[in-house]
Amino acid sequence: MFILLAVAVGLLLPSGVKSIDTEWLLSNLGTKTPYDQRKWDADGDSDPPKACLSTPSHIEVLARHGARHTGKPSSMDDLATALTALGSPLPWLDDYKYSGGEVDANMLLPLGVSEHASLGSRVKDRMGVGFFEEYNPNLLRFNSTSIARAGQSATSFLQGAGVQSPFVVMVPVEEDWGMRFYDSCDAWDLQTNAAVDEVVNTYVATNEFQSALKQFNSLLKLPSGIKASFSQFTSSFEACAYDLILSDDDSKFCSLMSEEIVQVNQYITDLKKFYQYGPAFETSRNFTAHLFKDLVESIEMGEGGGFKGTLRFAHAETVIPILSAIGVFDADMLGEGGGLSPEKRDEERVFKSQKFFPFAANVVIEVYECDGDKRLKFLVNENEISSVRGCGGEVYCRFGDFKASVKDLLELADEFSLLEICKVV
Ligand SMILES: *[C@@H]1O[C@H](CO)[C@@H](O)[C@H](O)[C@H]1NC(C)=O
Ligand SMILES: *[C@@H]1O[C@H](CO)[C@@H](O)[C@H](O)[C@H]1NC(C)=O
């Protein structure tokens with residue numbers, strides 16, 4: 001009886017591969033993880049100091065767009081074809097078809113619309129009665145990058161917040177040093193791409209990666225001696241994410257995942273993001289200069305004039321450098337180094353896409369009036385944080401302290417064009 005059972009299980013899963021739970025998978029899809037308002041701060045919100053009004057008078061938001069279609073629908077189908085050509089006998093690969101068409105490429109999914117609509121509704125509740133309802137585009141500003149999914153996210157948020165006839169400014173790419181500072185900067189691309197290549201190649205050579213690849217090959221039932229490539233390994237993880245968020249289907253690409261394969265893929269994603277947009281390079285911090293200037297000016301416009309804030313809808317590439325610049329991430333938070341199990345690596349590193357920059361990731365700054373002083377409260381994915389650089393561990397950070405901590409960036413935005421740093425010399 002025991003032997004029979006063991007044989008039956010052995011037929012389903014290669015030895016040593018833990019089966020995977022779809023709920024767990026849904027919260028471990030790297031940058032493609034749906035936003036589910038996950039509360040990692042169990043204590044909830046703390047009250048403002050006595051001198052402050054109990055509801056904020058002003059708001060600043062920076063959000064990533066919500067869940068979206070892949071940018072290359074046909075490459076999903078090509079991946080399935082290539083895996084069959086490699087020798088995988090899995091029948092579903094033969095008729096695999098990505099369920100969105102070319103016209104949907106990069107557009108927001110229904111899931112992305114609801115992520116932002118429900119975020120908008122919760123932010124509205126936090127701001128108190130009238131804040132969004134008494135909307136006037138001269139007093140409350142909505143900016144989006146010129147990319148459609150960011151604009152769609154803005155309008156979904158506004159619907160959720162109950163704003164009547166909203167107006168969204170779409171900032172043209174060539175003027176967008178505030179939100180798309182990473183576009184067309186050749187010197188930065190060269191520096192970060194080289195660093196990414198190096199760390200990823202080093203990681204691919206480790207037992208940790210090779211053992212996950214071996215599991216992947218056996219889940220594909222590849223003939224012995226045949227190995228999937230690095231890009232087939234990582235693209236299958238992405239394809240699994242799209243199968244789940246698009247069609248709730250865990251029977252296709254997700255059947256090629258184990259916990260270990262998922263953890264290794266998330267780490268590879270994080271390695272790339274850390275070196276491209278995270279705290280690894282000073283250039284990435286310098287690039288946030290225009291956004292911080294916009295933010296500080298927007299808060300100062302609130303003084304006396306009744307200006308209520310700016311809400312910005314952009315990309316992971318915008319959110320990551322900001323989180324790094326305010327001190328949520330530091331240069332030692334990737335948890336690099338050999339000899340860890342994928343599970344331990346996942347537990348130990350702070351810089352995690354699934355936690356900090358899933359779809360619809362957001363940084364909300366609430367501004368409180370406190371006896372002639374202003375205090376800023378930072379929320380990351382709706383969790384208040386007390387670790388903002390310059391704020392002395394206080395959740396309700398003095399505006400003056402915060403400004404002092406980004407003084408160099410504010411000067412940088414005034415001093416010279418960032419285009420200078422982007423020249424390849
Ligand atoms: C937002 O839009 C306003 C109005 O067009 C513009 O002045 C400002 O620079 C924009 N801010 C960002 C961060 O794009
Ligand atoms: C970043 O800006 C500072 C000035 O605030 C400058 O001294 C430094 O060289 C810049 N770093 C890079 C890599 O451009």
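1. Helix 5 and helix 6 are oblique to each other. Their axes come within 6 Å and cross at roughly 45°, which falls in the oblique class because angles under 35 degrees count as roughly parallel and 65 to 115 as roughly perpendicular. The crossing of these two helices is right-handed. The model is a predicted one, and the points below should be read accordingly.

2. The contact between helix 5 and helix 6 can be listed by residue. Helix 5, which covers residues 110-127, contributes Gly 112, Val 113, His 116, Ala 117, Ser 118, Leu 119, Gly 120 and Ser 121. From helix 6, residues 148-160, the partners are Ser 153, Ser 156, Phe 157, Leu 158, Gln 159 and Gly 160. By class, this contact has nine polar and five nonpolar residues, with no charged residue.

3. Helix 8 passes helix 10 in a left-handed crossing.

4. On the side of helix 8, the contact with helix 10 involves Glu 208, Phe 209, Ala 212, Gln 215 and Phe 216. These residues meet Glu 260, Ile 261 and Val 264 of helix 10. The contact divides into five nonpolar, one polar and two charged residues.

5. Around ligand 2 the residues are Glu 282, Thr 283, Asn 286, Asp 408, Leu 412 and Ile 421. Helix 11 (282-286) and helix 17 (407-415) each provide at least two residues of the shell. The largest share, three residues, comes from helix 11. In class terms, the shell around ligand 2 has two nonpolar, two polar and two charged residues.

Note on methods:
Residues are numbered from 1 along each chain as its sequence is written. Chains are lettered from A and ligands numbered from 1 in the order in which they are written. This is a predicted model: local features need pLDDT of at least 70, side-chain atom pairs count only at pLDDT 80 or more; totals for chains, interfaces and linings use all residues. A crossing is left-handed if the near helix is turned anticlockwise from the far one by less than a right angle, and right-handed if clockwise. Helices (H or I, at least four residues) and strands (E, at least two) are DSSP runs, numbered from the N terminus. Two residues are in contact if their C-beta atoms, placed from the backbone, lie within 7 Å. Ala, Val, Leu, Ile, Met, Phe, Trp, Tyr, Cys and Pro count as nonpolar, Asp, Glu, Lys and Arg as charged, and the others, Gly among them, as polar. A residue is near a molecule or strand if its C-beta atom, placed from the backbone, lies within 6 Å of it. Axes are lines fitted to C-alpha atoms, for helices over the stretch in contact, and angles run from 0 to 180 degrees between N-to-C directions. Angles under 35 degrees count as roughly parallel, over 145 as roughly antiparallel, 65 to 115 as roughly perpendicular and the rest as oblique.
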